[in-house]
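Subject: Structure handover

Hello,

Here is the structure for your work. Please open it first, then read the notes below.

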Amino acid sequence: MPTETALITGASSGIGEELARLFAQDRSNLVLVARSREKLEQLAAELRVKHGIGVEVLTGDLADGATPQAIFGELAAKGQRLTCWSTMLGSVQWVRSMTCPFRNRWT
Ligand SMILES: NC(=O)c1ccc[n+]([C@@H]2O[C@H](COP(=O)([O-])OP(=O)(O)OC[C@H]3O[C@@H](n4cnc5c(N)ncnc54)[C@H](OP(=O)(O)O)[C@@H]3O)[C@@H](O)[C@H]2O)c1
């Protein structure tokens, strides 16, 4: 099982979904965030089987200012440590930076 875990918002479509696929290809565990649970669960199931990684799905509306704290609270309660995050939701500026071992590939 990989030791890195990347959180990706906007992972149910577009750039976020593609980033999720690329991180999975590099064998990072994932936490996928968006509002559409069904799409995220489908992607998670595919990536678990294809890459043997752990994928957690968390849904929430990031336009709601309380959502980020709720997400991090849920991850902390599970003892989930993030090594990287990437936001594919330009209108919500809750996490702007990206620091992770894969950085050179994506920036
Ligand atoms: N595509 C481009 O060429 C391009 C160029 C420059 C900048 N951008 C910016 O990059 C970002 C992603 O672009 P994209 O083309 O990948 O967009 P997209 O295909 O529309 O994907 C947006 C993602 O964000 C999620 N999302 C939207 N509103 C949300 C909310 N309130 N709470 C939680 N999740 C939400 C969507 O899932 P749910 O609907 O399931 O929540 C979806 O997963 C956007 O901010 C866009 O402005 C895109």
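Helices (H or I, at least four residues) and strands (E, at least two) are DSSP runs, numbered from the N terminus. By that rule the protein has four helices and four strands. From the N terminus on, they follow the order β-α-β-α-β-α-β-α.

Two notes on the source. This is a predicted model: local features need pLDDT of at least 70, side-chain atom pairs count only at pLDDT 80 or more, and totals for chains, interfaces and linings use all residues. Residues are numbered from 1 along each chain as its sequence is written.

The sheet

The four strands form an open, parallel sheet in the order β3-β2-β1-β4. The twist averages 15° from one strand to the next. (Axes are lines fitted to C-alpha atoms, for helices over the stretch in contact; angles run from 0 to 180 degrees between N-to-C directions.)

Now the pairings. β1 and β2 run parallel and are joined by five bridges. Ile8 has Leu32 as its bridge partner in β2. β2 (residues 29-34) and β3 are also parallel, again with five bridges. There, Leu30 has Val55 as its partner in β3. β1 and β4 pair in the parallel sense over four bridges. Thr9 stands opposite Thr87 in β4.

A residue is buried if 20 or more other C-beta atoms lie within 10 Å of its own, exposed if 12 or fewer, and partly exposed in between; C-beta atoms are placed from the backbone. Five of the five residues of β1 are buried, so this strand is largely enclosed by the rest of the structure. Thr5, Leu7 and Thr9 point one way from β1, while Ala6 and Ile8 point the other way.

Helix α1 (residues 14-25) lies across β1 (5-9), β2 and β4. Its angle to β1 is about 170°. β1, α1 and β2 make a right-handed β-α-β unit. (Right-handed: with the strands pointing away from the viewer, the path from the first strand over the helix to the second runs clockwise.)

The core

A nonpolar core is a set of buried Ala, Val, Leu, Ile, Met, Phe, Trp, Tyr and Cys residues joined through C-beta atoms within 7 Å. The largest one has 21 residues. Those with the most contacts inside it are Ile8, Ala11, Ala20, Leu30, Leu32 and Leu47. β1, α1, β2, α2 (37-51) and β3 give two or more residues each. β2 gives the most, with five.

Residues are in contact if their C-beta atoms, placed from the backbone, lie within 7 Å. Leaving aside neighbours within four places in sequence, Leu30 contacts Ala6, Ile8, Ala20, Phe23, Ala24, Leu47, Ile53 and Val55.

Leu58

Not counting residues up to four places away in sequence, Leu58 touches Val31, Val33, Ile71 and Glu74. Leu58 and Val31 are 27 residues apart in sequence, yet 7.1 Å apart in space, C-alpha to C-alpha.

Overall

Buried residues make up 30% of the 107 residues in the protein. Among contacts between residues at least 6 apart in sequence, 59% join residues at least 24 apart.

Best regards

Conventions:
Pairing = 2+ DSSP bridges. Contact = placed C-beta atoms within 7 Å.
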